[in-house]
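Have the structure open as you read.

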Amino acid sequence: MDTSIVGVDAREILDSRGNPTIEVDVVLGDGSIGRAAVPSGASTGANEAVELRDGDKARFGGKGVRQAVENVVEQIGPEVEGLDAVDQAGIDQLLIELDGTPNKGNLGANAILGVSLATAHAAAASLGMPLYRYVGGVGARTLPVPFFNILNGGKHAQDSTDFQEFMVAPIGVETYAEALRAGAEVFWALRSILHDEGHGIGQGDEGGFAPSLKSNEAAVEVIVRAIEKAGYKPGVDVAIGLDPAASSILEAGTGTTGPDGKAITGRYRLTRENRTLDSGELIDLWASWVDRYPIVSIEDGLAEDDWAGWVELTKRLGSKVQLVGDDIVVTNPTFIQRAIDERAMNAVLIKLNQIGTLTETIGAIELARSTGWRAQVSHRSGETEDTTIADFVVALGTGQIKSGAPSRSERVAKYNRLLRIEEELGDAAIYPGRSALAVTR
Ligand code: PGA
Ligand code: ZN
């Protein structure tokens, strides 16, 4: 067993939307190989680490990642060769220093994350351990509650809802395998209801249906019916989670920070319903939905700059429902600390490519947990066959994952990997169900 890095290679591959992304291989002295592919978002937070793209319109409409590949092969490779892959924190720190910018804009967070994750995979392979055990140790035995995004809108679909994601979470079943089954059954029940009622059953970027319903609320209503049709009790067996991705519906020119440092918050446009709402009115809408529907989690209920709104939202609903920060905190300890100081949410979304290294991602989760918050590990809308997040969520035991619908192989790859992990853990596996949520009422 020789865990020293002897080779680093990278290439441009395609993601699930047909856009290029980077894949990295790390080879160790004993011949072990680790490989990781980096995902890509569409409704990205303004403060995410930089995804380096070539901008050469003659290739892939400017989305090529040849520069990121070159950065890995020519700049990062020679620096990490000879280092011990088991020293993940040391290698991640070196990657941060080599880049030298606060947002990884020099080498690219996609290049850096590829190396960071491939290093962990290589070390785990050399030690003969599954990744979840290498990263999480003997305590890694909690499977996550999956949040299945079965109805896609916003930037992930065309002519569908204004709100981006309508998810179902099987909180009242006994095992992860049963949760996966419930998700698939509700997905199929939804398909048949939509079909029977004359709606399209085309799918959005994350595999959920993307029907042209008359309102956003109609999406929640039809999902409640789908849960029932599949034989589950809404709110007891299977609950609803939302990610309206509110930054995406804030009207252009608003939502910026004024000279006094306070947010200038504009109006949220609901195109489907031909109306706009201010921050307080959108909070009222969430309050009324939480009262009337079995909703247990709302992510990005307000825009990334609407800090005052988030504080108000948390005051109003923080004891009733999980409030997850995505665009507003971008897996970044600096923003998570501000959210803790201001009590602006009760959970965070975790996306490895928002921050760019494995070690920093673990730090973001630890910080959120230190104040009693929950962390939901997430895929991106542009994904690959890479299943690192499945192992990662078990390693960290955060108890929640979102990886899209139980349909389309880049989404299902993660869900199936979790099935294998549960099988491998056998009786030691824990499925947390409702207790995984920030609010368990
Ligand atoms: P993205 O969206 O991957 O397209 O950024 C996911 C999310 O908003 O949670
Ligand atoms: Zn989100």
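Which hand does the crossing of α2 and α3 have? The crossing of these two helices is right-handed. Keep in mind that you're looking at a predicted model.

## The two domains

Let's zoom out for a moment. The chain splits into domain 1, covering 5–128, and domain 2, covering 145–436. If you take the centres over C-alpha atoms, domain 1 and domain 2 sit 27 Å apart.

The two parts do touch: 34 residues of domain 1 are in contact with 28 residues of domain 2. Between them, domain 1 and domain 2 bury about 2400 Å², and 52% of that is on carbon and sulfur atoms.

## Helices α2 and α3

Two packed helices are described by the angle between their axes and the distance between the axes. Helix α2 (residues 88–99) packs with helix α3 (residues 109–127) at an angle of about 165°, and their axes are 10 Å apart. Angles over 145 degrees count as roughly antiparallel, so α2 is roughly antiparallel to α3.

Who does the touching? On α2 the contact is made by Gln88, Ile91, Asp92, Leu95 and Asp99, and on α3 by Ile112, Val115, Ser116, Thr119 and Ala120. Sorted by class, the contact of α2 with α3 has 5 nonpolar, 3 polar and 2 charged residues.

## Helices α7 and α8

Now for another pair. Helix α7 (residues 279–292) and helix α8 (residues 307–317) pack at about 25°, with 10 Å between their axes. Angles under 35 degrees count as roughly parallel, so that's what α7 is to α8. Their crossing is right-handed.

From α7, the residues Ser279, Ile283, Asp284, Trp286, Ala287 and Val290 meet Gly309, Glu312, Leu313, Arg316 and Leu317 of α8. The class count for the contact of α7 with α8 is 6 nonpolar, 2 polar and 3 charged residues.

## Helices α12 and α13

How many Å apart are the axes of helix α12 and helix α13? The axes of α12 (residues 388–396) and α13 (residues 409–425) are 8 Å apart, and the packing angle is about 45°. That's why α12 and α13 are oblique to each other. As for handedness, α12 passes α13 in a right-handed crossing.

Look for Ile389, Ala390, Asp391, Val393 and Val394 in α12, which meet Lys414, Arg417, Leu418 and Ile421 in α13. The residues in the contact of α12 with α13 divide into 6 nonpolar and 3 charged, with no polar ones.

How values were computed:
Residues are numbered from 1 along each chain as its sequence is written. Chains are lettered from A and ligands numbered from 1 in the order in which they are written. This is a predicted model: local features need pLDDT of at least 70, side-chain atom pairs count only at pLDDT 80 or more; totals for chains, interfaces and linings use all residues. Side-chain values use heavy atoms; hydrogens and water are left out. Axes are lines fitted to C-alpha atoms, for helices over the stretch in contact, and angles run from 0 to 180 degrees between N-to-C directions. Helices (H or I, at least four residues) and strands (E, at least two) are DSSP runs, numbered from the N terminus. Angles under 35 degrees count as roughly parallel, over 145 as roughly antiparallel, 65 to 115 as roughly perpendicular and the rest as oblique. A crossing is left-handed if the near helix is turned anticlockwise from the far one by less than a right angle, and right-handed if clockwise. Contact means heavy atoms within 4.5 Å. Ala, Val, Leu, Ile, Met, Phe, Trp, Tyr, Cys and Pro count as nonpolar, Asp, Glu, Lys and Arg as charged, and the others, Gly among them, as polar. Domain bounds come from an automatic or database domain assignment. Buried area is the accessible area (1.4 Å probe) that two parts lose on being put together, summed over both.
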